Amino acid sequence: MTYDFNFAVVWRNWDLLAEGLMLGLFLALVSIAIGCVLGLAAAFGMLSRHRALRWISQCYVSAIRNTPILVLILFCYFALPQLGIAMDKIPSFIFTLSLYAGAYLAEVYRSGLVALPPGLREAGLAIGLTEWKIKRYLIIPVMFRNVLPAMSNNFISLFKDTSLAAAIAVPELTFYARKINVESFRVIETWMVASLIYVGACVAIAALLRRLEARLSIPR
Amino acid sequence: MIPVLNITDLHKSFGELEVLKGIDLAMHKGDVVSLIGSSGSGKTTLLRCVNLLEEFGRGRIEIAGEPIGYREEGGRRRRLPERQIARQRAMTGMAFQQFNLFPHLSAVKNVMLGLTKTKKLPAEEARAIAESWLDRVGMLARKDHFPGQLSGGQQQRVAIARAIAMAPQLMLFDEVTSALDPELVSEVLAVVRDLGRDGMTMLLVTHEMRFARDVSSRVVFMHQGRIHEEGPPEQIFGAPGTERLKAFLSNSQS
Ligand SMILES: Nc1ncnc2c1ncn2[C@@H]1O[C@H](COP(=O)(O)OP(=O)(O)O)[C@@H](O)[C@H]1O
Ligand SMILES: [Mg+2]
C-alpha cells in the first residue's frame, strides 16, 4: 500500500499555523513571566520562618504538581465559573499555566535558595544592607543565575504545554492543526507539519535560552 | 575620650552551650588588638556579636558610645528594629575567613554596593571611592574581574576594600588568611598592616603569631569563652603569665 503525500492542503493554511504558533508563544511567555513571580514568592514562602506561610506555599506547590495539567485546565475553565470565577478561554488558560509554571519554578528556586552559601547574606548584612535589599541585590540575582539551566528546561516544557489549550478551544497551533486535519482529511501530513513546527520552535527557544545563559552566567 | 569599642560583661550562648562567659574589652581610636586562642574558644563569636551577626543574651556593646543591638525599655531588654541594626552594623566593617565576595559582581561593583545601597551615594562618587580603595589594596588593575576570576588573596583584598570603603569606625578581621594558600598569605597581611599604620582601629582574630606580634598594640588571649590573659605583644609573647597561654603558644609555633 502506498500513501500519496500531499502537503499542499497543509501549506495552504500556513497562515493559521503561524497564527497558532504565535499565540502559543504568547501564552507561554505571559504565563512564564507570571509564573516566575509566583514561583519566587512560593519559594520564599516555603523557606519562611512563619509556619502559616510555609504551609500555604507547600500546599500550593504540592496541589499543582500532583494534578495533571489537563485536569487543571478543564477545572479552571469549566468548574471555576460554577464557583463564580468566570474567565474567557485565553485568560483562563494563562491563569492555569501561570499557576502551573509557578509551582514548578518554586521548586527550582527553592533548591537554588537553599544552595546559596550562607556567607552571601552575612556579607550583605556586614555592609549594612537590610534583609529586603539583600534579597533584591544579592540573593535573587545570584540564585537566578545559578538556576538558569534548570529554568530553561521548564520554559521549554511550558511552551509545549500550550498545546493543551486546544482542549478548551484556544486557537493555538494544535487547535488549528486539528481543524486542518478535520477539513482536509490529511492526517499524516497535518500532524507531521505540526510536530515539525513544535520541534523547530523548541530548538529555537533552546538556542535562545543558551545564549541568554551564556550572557548572564557568572564569569569564572 | 570615648572608646571606639566598649564591651562589658558580654555573654553568649548557643542553646545550652555558653560560648562567651563575660567578656570585657575596650578599644580606643588607632588600637590594633589581636585575638588569639585555640579553636572553639569563642573568637569568631565575639566578632560576630560586635557586628551584630549574632544576638547576645547579656552584656553591652558600645560603638563610639552608642549601645548597639538592644535598648532598655522599662527595665526590659529589646532587640532594636532591623533598620537601626543595619545602620549600626555599618559602623563596623568585617572581613571574613571565606572572603564572601558577591559572586555576580565585579570587584569594583562589590565595593560600590554598600556605598550606593546603604550610604545611598551617587554611583559616580561611589565608583571613585571604590577605585581609590581598590588601588590601596593593589587591586585597581583587576577592578572589572569577577570573584571567580581572582585568586584567594586577591579576593580577600577586594573583600577588605569593600569593608573599609564604608568608612567604619572599627574593622573586624576573622582569620582572613587561614583559607589562603601559604604563598598568598603575605599579600593580605601586608594590606592589614598598612591599614593599621594608617590609624585604622582594628580587632583581628589571627593564627599568625608573628604577624600579631608585629602589628598589635595589644594581644588578647581567649580560652573557653573568657579573656584569659591580655597585654602588649612583647609581654604576651615574651613573658606569658599563665600556663595556658604558654601551652597555647608552644603548640602554635609558626
Ligand atoms: N551557630 C552556632 N551554633 C551552635 N554552636 C556554635 C555556633 N557557632 C559557634 N558555635 C560553637 O561556639 C564555640 C565557639 O566557636 P567560635 O566562636 O567559632 O570559636 P573560634 O572562632 O575561637 O574557633 C564552639 O564550640 C562552636 O562549636
Ligand atoms: Mg573562628
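## Salt bridges, a ligand and a strand

Student: How many residues apart are A:Glu183 and A:Lys179 in helix α8 of chain A?

Tutor: Helix α8 of chain A covers residues 173-184; helices here are DSSP runs of H or I with at least four residues, numbered from the N terminus. Because about one helical turn separates A:Glu183 and A:Lys179, their spacing is 4 residues.

Student: What kind of model is this?

Tutor: Residues are numbered from 1 along each chain as its sequence is written, chains are lettered from A and ligands numbered from 1 in the order written, and side-chain values use heavy atoms, leaving out hydrogens and water. Local features need pLDDT of at least 70, side-chain atom pairs count only at pLDDT 80 or more, and totals for chains, interfaces and linings use all residues, for this is a predicted model.

Student: How far apart are the closest N and O atoms of A:Glu183 and A:Lys179?

Tutor: The two form a salt bridge, that is, a side-chain nitrogen of Lys or Arg within 4 Å of a carboxyl oxygen of Asp or Glu. A:Glu183 is exposed at 55% relative accessibility, while A:Lys179 is partly exposed at 34%. Buried means under 20% relative accessible area, exposed over 50%, and partly exposed in between (1.4 Å probe, protein chains only). The closest N and O atoms of the pair are separated by 3.5 Å.

Student: Which residue of chain B forms a salt bridge with A:Glu122?

Tutor: The closest N and O atoms of this pair are 2.7 Å apart. The pair crosses between chains, from helix α6 (residues 118-126) of chain A to helix α1 of chain B. A:Glu122 is buried at 17% relative accessible area. Its partner, buried at 14%, is B:Arg48.

Student: Which residues are linked with B:Arg48 in a network of salt bridges?

Tutor: A search of the whole structure finds 21 salt bridges over all chains. In one network, B:Arg48 is linked with A:Glu122, B:Lys12 and B:Glu54.

Student: Which element gives the most to the shell around ligand 1?

Tutor: Residues around ligand 1 (a heavy atom within 4 Å) include B:Phe14, B:Gly40 and B:Thr45. In chain B, β2 (17-27) and α1 (43-50) each supply at least two shell residues. With 3 residues, the one giving the most is α1(B).

Student: How far does a polar side-chain atom of B:Thr44 lie from an oxygen atom of ligand 1?

Tutor: Take the backbone first. A polar backbone atom of B:Gly40 is 2.7 Å from an oxygen of ligand 1. For a backbone N or O atom of B:Ser41, the distance to a ligand 1 oxygen is 3.2 Å. For the polar side-chain atom of B:Thr44, it is 2.7 Å.

Student: In β9(B), which residue is the bridge partner of B:Gly93?

Tutor: Strands are DSSP runs of E with at least two residues, and two strands pair if DSSP finds at least two bridges between them. Strand β8 (residues 92-95) of chain B runs parallel to β9 (residues 170-174), with 4 bridges joining them. B:Gly93 points the same way as B:Ala95, opposite to B:Thr92 and B:Met94, and all are buried. The bridge partner of B:Gly93 is B:Met171.

Conventions: Polar contact = N/O pair within 3.5 Å; in protein donor to acceptor, adjacent residues only side chain to side chain.
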